[in-house]
Each structure stands twice: as C-alpha cells, then as structure tokens.
Amino acid sequence: MPTFRAPRGTRDLLPDDAARFLRLAAVARDLADRYGYQPIETPIFEQAAVFERGIGEVTDVVEKELFRIAPRTDESESWALRPEPTAGIVRAYVQHGMQTWPQPVRLTTIGPMFRYDRPQAGRYRQFWQFDVEAIGDPGPAIDAEIIELGARFYAEVGVEGVEVLLNSIGDPACRPSYLAALVDYYRARADALPPTERHRLERNPLRILDSKDPQMAAINAVAPRIVDHLCAACAGHFAAVRSHLDALRIRHRIEPGLVRGLDYYSRTAFEFYVTGREGQQQALGGGGRYDGLVELLGGKPTPGIGFGLGLDRIALVLGEQAESGGAPGVGAPGVAAPDVVVVSADPNDTVGRLVVATDLRAAGLRARADVGRRKLGRQLEAAGRDGAHFAVILGDELAAGQVQLRDLEAGTQRTVAMSDLARELKRGASQHKHG
Ligand code: AMP
C-alpha cells in the first residue's frame, strides 16, 4: 500500500486547528453582519477566463499560480480553481443584475482559495480568506469603512500590533504618465535589475515596486512615487480617504511601494501587517479599489472595493503571539468538552446509554454516549479525559426511573430522577461555565 499524504502545500486542519478556524470565521461573519455585508457563495472553480480577465493575464497569480483543471476530452470549457474571491463575486454581480439592487451591494464570503505557490511557512496552495466587497460606490467613505472593518477584525480576534499600509495607485487618467516616468527610471538602471524585474519592466512595471528581491530595495527606495503623480481627482480622493480614516481613528502609514499592478485596479490600495514580526514581510491581508473590473467582466462601468484577509496567517500569528507570552485571542487551541458523558454499570447496555444521551442532546445539552463495551471504571476514566463536567451513570435505579449524576470535578454523586435530569444538567453546566 502506498503511504498517502495531503498534497504539497496543503494542510489537514485537525480538530484543534479546525475549531480555531471556525472561531475566526464566526467572528468574521458576525462582524460582516454588523456592518451590513451580506453572505454570498460562489463556486470554488470558474471559467479560467474569469480570472484571466478579472485578475489580469500578466500577473503572477494568473501566469504562474493558477490551478487549472484539465478539461475532459468532451468539454471545450477551461476551468480553474479560484485564487481569490473578487473575480467570481464580480462575475456573479454582473450575471444576476445586482446593479439594479440598492448600491453599493455589500457582500462577504469566507472560504478556501487556491494558488500554485511555492509552499513555505504562511504560504500554502490552499488557504482561507475572509473577504468583503462593496460594489457600486466610488468612495471615499466606503473605502474607509472597509479598511476600518479589516482593522476591527484583527482587533476582535486578538491580533496585536496590526499596521495599516495605504497607497493610491491613481486611475487611467494619471497612471500612464506615472508609468512612463517609472519605466524611464528603471530603464536607466536596467543593468542592475534581476532578470524577473527586467521581464516585469516590459510587461507590468508597477509590480517591480513591490519586488521582494533584496537587490531591489535600494533601487525602489528612490523610484518615482505615484502619490507625487496623482491627478487632482485621485489626489482629492486619497486625501478624503485619509481624513475619513483619521476621523475613525485608524492609524495608517503611506507606503508608496504598495501596488496592485493592474490597469483596472485604481486609487485606494491597502495592506495589513503585524509590526515587529521578524523574518518575513508577509501581509496578513490586503485589498483595494477596482473601478474597472465590473465593466471588464461584461457589466456597466461600476466602482468597487474590497479586501481579502488570510485566515491561515492570522492563526499563525495568534499562535506565535501565545508562544511569546501574549494573548492567543480566539486562536487559543481546544475543542469544547462535552457537558456530560453517559456511562453504564452494565458494559452490554449500549442501547440505554445511546437513548439517554439522545434525549439529553434533544434537550440542547452537549452529551456523548460511551458506546464501548468496557467496565464502568474505564468509562468514567474516559469521561474525565474528555474534560466532561458530569457523568450520568445508568445502573439498577433505572428500574425506578432514576440515575446517578456524578460531578467529575468535585467527585460527588447523587441520585436524580430521569425526568429532572436535563434540567439538573443544564443548571450544573451553566454554574460550571460561570463558576
Ligand atoms: P492577495 O490577494 O495576494 O493580496 O492576498 C490577500 C491575503 O491572503 C494575503 O494578505 C494573505 O494573508 C493571504 N494569502 C495570499 N496568498 C496566500 C497563500 N499562498 N497562503 C496563505 N495565505 C495567503
């Protein structure tokens, strides 16, 4: 037999991790709901063209990282797994005529994304994002609403020291002259550019600015800055986004190298980083305005803005924080223990245990039946290991409609009528929770 393993770049989320992810997702859903972002679920795969157009054919995500699905011989359609949710959501916005809904349409989704990345810590081939999109409003207030929502998410899950980096990448009116200045600048230094960056110079020069190549740091530090080349409309928008953020007391730092290097991305671009995290420059999340995207995917010209926050990296940072003595936030490990385990003095009476546990669950308790055919002592030991507060012991009293209720923590035990059992357990469980 071969030894099977999860595919390279993917991870199994075992119960502790999966529970942590679900808690992060629960905070995300609650927050999105409070801000009026409605849930949307789009397919995990789309026609590849949705991403090729919606993200751009000359981006790394499409050029190198798209998980393409080999078409069956009887199909001409070409599919790909979604590398990010925006393109699919905008496709749905156009397909379902959401431009006739009250604008902006505020949408949110949480789910796995797929990129054929080179796997490393915090970089996976399947990862989870919490995503929000507001489609149909040119800003600047909605830009600030979304950035503040992102910052609040990190605060509510307990990530400490999150910094907001902000930039404006202009619009089709002012970007061309900036790009010309940028290309001139890099051409004059072409000999010093690594091959990847020289390639980008011809195809997507804006991306050179966020190169991770250490050789590029000095060259990029003094490159022309787009914020110095914005047209009046974009400069006004940028200033207004900043003053809205100031009013919301969201501290932010202008980062001229922060770009989403595509023609139809425009104006606001932002990312969230944790300050003082050694070793890498990995963003915890990012987003921006995409005023050209709806039109590009076949709709009427409609502005939009959104973000994607990586849940895997948030879980990672919460873990690191806890290790270094900080608060683990909602990232604390642990699967909730049952309220009660139902055990029996008769190792063969699995029916009785299952029936009582089923009744307790129907009454709203978290009850586990010990369904093994082992001695009572063993059953009680296992209940203790599970972290259950109580055990219900089925024995001879059953004939009189009674059971033993054992408080596993206190080590005390008393007789309780079956008809009172659920009520007694609920009272006991809430005392434990609040005690
Ligand atoms: P991006 O669309 O590339 O800006 O990604 C948004 C966020 O998703 C990033 O800031 C990360 O937190 C997360 N992310 C992107 N790619 C990966 C990956 N390969 N593995 C884990 N998280 C990722």
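Modeller: Strand E6 (residues 126–135) and strand E11 (residues 304–310) run antiparallel and are joined by seven bridges. Helices (H or I, at least four residues) and strands (E, at least two) are DSSP runs, numbered from the N terminus, and two strands pair if DSSP finds at least two bridges between them. Within this pair, Glu133 stands opposite Gly306 of E11.

Before going on, note that the model is predicted: local features need pLDDT of at least 70, side-chain atom pairs count only at pLDDT 80 or more, and totals for chains, interfaces and linings use all residues. Residues are numbered from 1 along each chain as its sequence is written, and side-chain values use heavy atoms, with hydrogens and water left out.

E6 and E11 belong to an open sheet of eight strands with mixed pairing, in the order E1-E5-E6-E11-E10-E9-E7-E8. Strand E1 (38–39) and strand E8 (252–254) are at its edges; each has a single partner strand, so one side of each has no neighbour in the sheet.

Two helices meet the sheet at E5 and E6. Helix H1 (residues 15–34) lies across strand E5 (105–114) and E6, and runs at about 165 degrees to E5. Helix H4 (residues 86–95) also packs on the sheet, touching E5 and E6, and its direction makes about 40 degrees with that of E6. Contact here means heavy atoms within 4.5 Å; axes are lines fitted to C-alpha atoms, for helices over the stretch in contact, and angles run from 0 to 180 degrees between N-to-C directions.

The loops on either side of this region hold cis peptide bonds. One joins Gln103 and Pro104, with omega about -5 degrees, and Pro104 is in the loop between H4 and E5. Another joins Gly139 and Pro140, with omega about 10 degrees; Pro140 is in the loop between E6 and helix H5 (141–157).

E6, strand E10 (285–289) and E11 each supply at least two residues of the shell around the ligand. Of the 15 residues around the ligand, those that come nearest are Arg115, Tyr124, Gln129, Leu284 and Gly285; a residue is near if one of its heavy atoms lies within 4 Å.

Several polar contacts can be named, a polar contact being a pair of N or O atoms within 3.5 Å; within protein, one must be able to donate a hydrogen and the other to accept it, and residues adjacent in sequence count only if both atoms are side-chain atoms. An N or O atom in the side chain of Asp117 is 3.1 Å from a nitrogen atom of the ligand. A polar side-chain atom of Arg115 lies 2.9 Å from an oxygen atom of the ligand, and a backbone N or O atom of Ala283 lies 3.2 Å from an oxygen atom of the ligand. On its own the ligand has 480 Å² of accessible area, and the protein covers 89% of it. Accessible areas come from the Shrake-Rupley method with a 1.4 Å probe; for residues, only the protein chains shown count as cover.

Last, the wider setting. The domain assignment gives domain 1 (15–174 + 230–323) and domain 2 (340–430), with bounds from an automatic or database assignment. Their centres, taken over C-alpha atoms, are 48 Å apart.
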